[in-house]
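Subject: Structure for your review

Dear colleague,

My notes on it follow directly after.

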Amino acid sequence: RNPIQHAAYMDVVRGLPCAHCGKPPRSEFCHSDEGKGQGIKSDCRLGWPGCHDCHDAIGTRRIYPREQRRALEAAMA
């Protein structure tokens, strides 16, 4: 309802390996698809660490159907 964006938390997440492929840090902070809207990022507590390739594939190119992507993102968060 009131998504938060916490820079320090997101920085900690960037220090983790990619949650999808395991590539070592430094990762990108990937916002979950759940709760996003135009110009609105989802709550950072739902985000996950991802390498550039996985972030692009899952978040931009959307290689998984929406419900599967959301379940995957929730598990990786």
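Where is the place of D43? D43 sits in the loop between strand 1 and strand 2. Please bear in mind throughout that the model is predicted.

The surroundings of D43 may be described first. With a relative accessibility of 11%, D43 counts as buried, because the limit for that class is under 20% relative accessible area. Not counting residues up to four places away in sequence, D43 touches N2, P3, I4 and Q5. For I4 there is also a polar detail: its backbone nitrogen lies 3.4 Å from a polar atom of the D43 side chain.

From C-alpha to C-alpha, A75 and D53 are 18 Å apart in space, and they are 22 residues apart in sequence.

The charged pairs deserve a separate paragraph. In general, side chains of opposite charge can pair when their charged atoms come close. How many salt bridges does the structure hold? The structure holds seven salt bridges, among which I describe those below.

D11 forms a salt bridge with R26, and the closest N and O atoms of this pair are 2.2 Å apart. The pair links distant parts of the chain: D11 belongs to helix 1 (residues 7–14), whereas R26 lies in the loop between helix 1 and strand 1 (28–30), and the two are 15 residues apart. D11 is partly exposed, at 39% relative accessibility, while R26 is exposed, with a relative accessible area of 52%.

D33 has salt bridges with R62 and with R69. In the pair of D33 and R62, the closest N and O atoms are 3.8 Å apart. This pair links distant parts of the chain, with D33 in the loop between strand 1 and strand 2 and R62 in the loop between helix 2 and helix 3, 29 residues apart. D33 is buried, with a relative accessible area of 9%, and R62 is partly exposed at 44% relative accessibility.

The side chains of R69 and D33 meet at 3.0 Å, N to O. This pair also links distant parts of the chain, R69 being in helix 3 and D33 in the loop between strand 1 and strand 2, 36 residues apart. R69 counts as buried, at 4% relative accessibility. Which residues do salt bridges that share partners join into one network? The network consists of D33, R62, R69 and R70.

Yours sincerely

How values were computed: Residues numbered from 1 in each chain as written. Predicted model: local features only at pLDDT ≥ 70, side-chain atom pairs only at ≥ 80, totals over all residues. Heavy atoms only, no water. Salt bridge = Lys/Arg side-chain N within 4 Å of Asp/Glu carboxyl O. Helix = DSSP H or I, 4+ residues; strand = E, 2+ residues; numbered from the N terminus. Buried < 20%, exposed > 50% of the residue type's maximum accessible area, 1.4 Å probe, protein only. Polar contact = N/O pair within 3.5 Å; in protein donor to acceptor, adjacent residues only side chain to side chain. Contact = heavy atoms within 4.5 Å.
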